Every structure is written in C-alpha cells, then in structure tokens.
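Work through the exercises below with the sequence and the coordinates open. Each task is followed by a stepwise solution.

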Amino acid sequence: MKFSFPKGRRTVFFGATLALLLSAAIPAIALAAPQDTRCGTDISCVKKFGDDAIAKRQTSLDAATTKINGFVSKGALTSTQAGPLLDQITTNKNGLASLKTKLDGETDITAARTDVKNIYLQFRIYAVFLPRTRHVVALDIMTNVDGKLTAAEPKIEDAIAKAPADKKDQLNTLYADFKAQLKEAEAQIDGAQGQLPVLTPNTYNTDRATYDKAFAALHADTKAAHDALVKARNDLHQIAMILKGSKGTPVPSITATPSA
Amino acid sequence: MTLKSIGHTMTRRTVWLVMVLALVLTLALSACGGRGGLAGNRGNSGSNGGNQGNAGNQSTSVTQVTQDDDDLNAIMSALDSANQDMNIDDSGQDNEIVP
C-alpha cells in the first residue's frame, strides 16, 4: 500500500519538521556557547566583575583572620597554632591582590577573562581554602580541649579515691566513659588530620572525586571527634557535680553518657 | 658647755640608741618566731588531723576537679562556635562564571 502526500501538504509537513528541529536546536546551541554574553566585548565590565569577585574573597579572608584572632584571645587557640593559618590567609590575600593588579592592567579581553577564571582555579577560597581552614581551626581547638581533659585525669582519680564509698561506682563508671571518649576523640582527630594534605585547589580542579571523598572524611572525623569531646566534658561535669554533692552541695539530675 | 656635760650627753644618746636597737631586734625576732610557730602548728594539724585531714584532702581534690570543669566553659564555647563554622557551605560561590 502506497502512502502519498499531495505536493502542498508535503511542503507544509517539511516546513513544520524543519521548524521543530530548529526550535529544539537553537537553545542547545545557546547553552553550549561560551558564557561571554555577560560583558560581551566590554573589557571594563570583565575587570569590574573580577575586581568585585576578588574584593568579596578579601573580605571573607579578613573575616577568617578576625575569627582566628578571636579564638586566640579567648585562649582556645595558641599563637603557635594560629600562626600558620594566618600566614596562609596572608598568602592568599597577597595572591589575590597581585591578580587584581594584573587584571586591572589587561588590555586584551581574553587575557582579562583568563585572569577572572584564575580567581576560581588558583585560589578556590570558598570551595577549598575556607572550609579546610575552618576544619583545621576546629581540630586545633579540639586538640587543646583534649589536652585539658587529659590533664584533669590524675585529679579525677585522686578525687574518686577520696570520695565517699557510696559514690565510687557511679564516679568510676563516668570516669571510664570519660577516658573512652578521649581515646575516641584522639583517634578521630588523627584520622581527620590525615585527610588535610589531599585538600588543595589542585586536587579540587583535577581530581574532584578524590577531593570530595577526602573532604567528606575530614568532616565526618572532625564531627565525631567533637561529639566525643563533648561527651567527655559532660562526664567530667557530672563527676564534678557528684563530688560537690558529696561535700553537701545539691547534685543536679544526671544523664549518664556511657560509650556504646 | 663643759667637757663633763658633753660626755653626759653622749652617754645618754648611746644608751637611747642601744635601747632602740634592742627594741627593733626584739620585734623582728618575735615576728620570725611567730611565723615559725604558725608553720609548726599547720604541720601538726596536717599530720594529726585524722578525719579532719581526710575531709580537707577530699575538699582539695574536689575543688581541683570542679575548677577544671569550670575552666573548660570558655574553650567549650569556642569549640561549639568552631563546630558551627565547620558546617558553613559557601562552596557554590566558587562555581566559575566567565563574564
């Protein structure tokens, strides 16, 4: 059986098919084209975009400096711990300042666009540097908390030894959990610190899967260390409250936090 | 003024000076002796205290533990702040935009 169109209908059908194909193809072509329509051929527009992006990053780096100095003034971080972090911030700030000078001096729009691209590729302030720095700060503070809690051990042991007999079991249970939580925190801190060398802009740019895996492990280990330290501190607080109570001070209600 | 009267005045002055020196020395020595006595008493009460001594020892160790507990407040507060910062995710701001 033959199927035939009249000539006029054939033309209409052909035209409709062509229109359909074109309408589907044009948005795809537009999406695939380089995104240089924002500034077009206006180099000053490209420079302003880059300068704004650099200024935003400089502000974020300044905020990180303020935060770290605040932790130092509160005694949560030592100057020795803060020093390398502040040096890295300064290095990034100086690098961004140099890139801004280069960008501002460009006379070719392609070179200006390359400079803008390097704000992302070379620094990765938001994707790599700041998240990594925040985790390092937390790990350093955790190391200090761990040190303080560990230093309390002989005092706790001495206090438990001198505590009334009817309190000793409860105190010993809490103290055993306290030590277990510190051990767990230390293992998690070590694990987290082991991920740090991988977390660089280069790994982020060239091997994203490895970067993402290392960052996820860093985050999980740091969080686990934090949780263990909070539990250890809670144990110490309960021990202190029971000991105070045995001296006649009222003891608040106690929620035991034994390790699993 | 005769030579005899000058001699009398000098002798009186010397006597007064010796008396003042003696008084100062006495006061100084008694002060040292008093301190030594207090130390001795404190030592005795420590060694002979019995139950009172145990209570004192317990009190000291409890104070040390509660002091450590109190001292942790500031750094734990900083740790909470750092822990919250760790959850900030502004990585989207590093999605490349070519103007």
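**Conventions.** Residues are numbered from 1 along each chain as its sequence is written, and chains are lettered from A and ligands numbered from 1 in the order in which they are written. This is a predicted model, in which local features need pLDDT of at least 70, side-chain atom pairs count only at pLDDT 80 or more, and totals for chains, interfaces and linings use all residues.

**Exercise 1.** State the confidence of the model, chain by chain.

Solution. 
- Step 1. The scores for the model are ipTM 0.78 and pTM 0.73.
- Step 2. pLDDT is the predictor's confidence in each residue, from 0 to 100. In chain A its average is 88, and 80% of the residues score at least 70. Residues 1–5 of chain A have a pLDDT below 50, and this stretch has two contacts in the model beyond near neighbours in sequence; a contact here is a pair of residues whose C-beta atoms, placed from the backbone, lie within 7 Å.
- Step 3. Residues 25–34 of chain A also stay under 50, with one contact beyond four places in sequence.
- Step 4. For chain B the mean pLDDT is 71, and 56% of the residues reach 70 or more. Its residues 32–51 are below 50, and beyond near neighbours in sequence that stretch has two contacts in the model.

**Exercise 2.** How do helices α2 and α3 of chain A cross, and which residues meet?

Solution. 
- Step 1. Axes are lines fitted to C-alpha atoms, for helices over the stretch in contact, and angles run from 0 to 180 degrees between N-to-C directions. The axes of α2 (residues 43–73) and α3 (residues 79–105) of chain A come within 10 Å and cross at roughly 165°.
- Step 2. Angles over 145 degrees count as roughly antiparallel, and α2(A) and α3(A) are therefore roughly antiparallel to each other.
- Step 3. The crossing is left-handed, meaning that the near helix is turned anticlockwise from the far one by less than a right angle.
- Step 4. The residues that meet include A:Ile54, A:Leu61 and A:Ile68 in α2(A), and A:Leu85, A:Ile89 and A:Leu96 in α3(A). By class, this contact has 12 nonpolar, five polar and six charged residues; Ala, Val, Leu, Ile, Met, Phe, Trp, Tyr, Cys and Pro count as nonpolar, Asp, Glu, Lys and Arg as charged, and the others, Gly among them, as polar.

**Exercise 3.** Treat helices α7 and α9 of chain A in that way.

Solution. 
- Step 1. The axes of α7 (residues 165–195) and α9 (residues 208–246) of chain A come within 8 Å and cross at roughly 160°. That makes α7(A) roughly antiparallel to α9(A).
- Step 2. α7(A) passes α9(A) in a left-handed crossing. The contact has 19 nonpolar, eight polar and six charged residues.

**Exercise 4.** Are A:Thr101, A:Arg124 and A:Thr210 buried, partly exposed or exposed?

Solution. 
- Step 1. A:Thr101, in helix α3 of chain A, is exposed, with 10 other C-beta atoms within 10 Å. A:Thr101 and A:Asp51 are 50 residues apart in sequence and 9.4 Å apart in space, C-alpha to C-alpha.
- Step 2. A:Arg124, in the loop between α4 (109–123) and α5 (125–151) of chain A, is buried, with 24 other C-beta atoms within 10 Å. Most residues other than glycine have a negative phi. A:Arg124 has a positive phi of about 45° although it is not a glycine.
- Step 3. A:Thr210, in helix α9 of chain A, is partly exposed, with 13 other C-beta atoms within 10 Å. Not counting residues up to four places away in sequence, A:Thr210 touches A:Val198 and A:Thr203.

**Exercise 5.** How many residues does each chain give to the contact between chains A and B?

Solution. 
- Step 1. Chain A gives 47 residues and chain B gives 29 residues.
- Step 2. The side of chain B that touches chain A divides into 13 nonpolar, 10 polar and six charged residues.

Note on methods:
Helices (H or I, at least four residues) and strands (E, at least two) are DSSP runs, numbered from the N terminus. Angles under 35 degrees count as roughly parallel, over 145 as roughly antiparallel, 65 to 115 as roughly perpendicular and the rest as oblique. A residue is buried if 20 or more other C-beta atoms lie within 10 Å of its own, exposed if 12 or fewer, and partly exposed in between; C-beta atoms are placed from the backbone.
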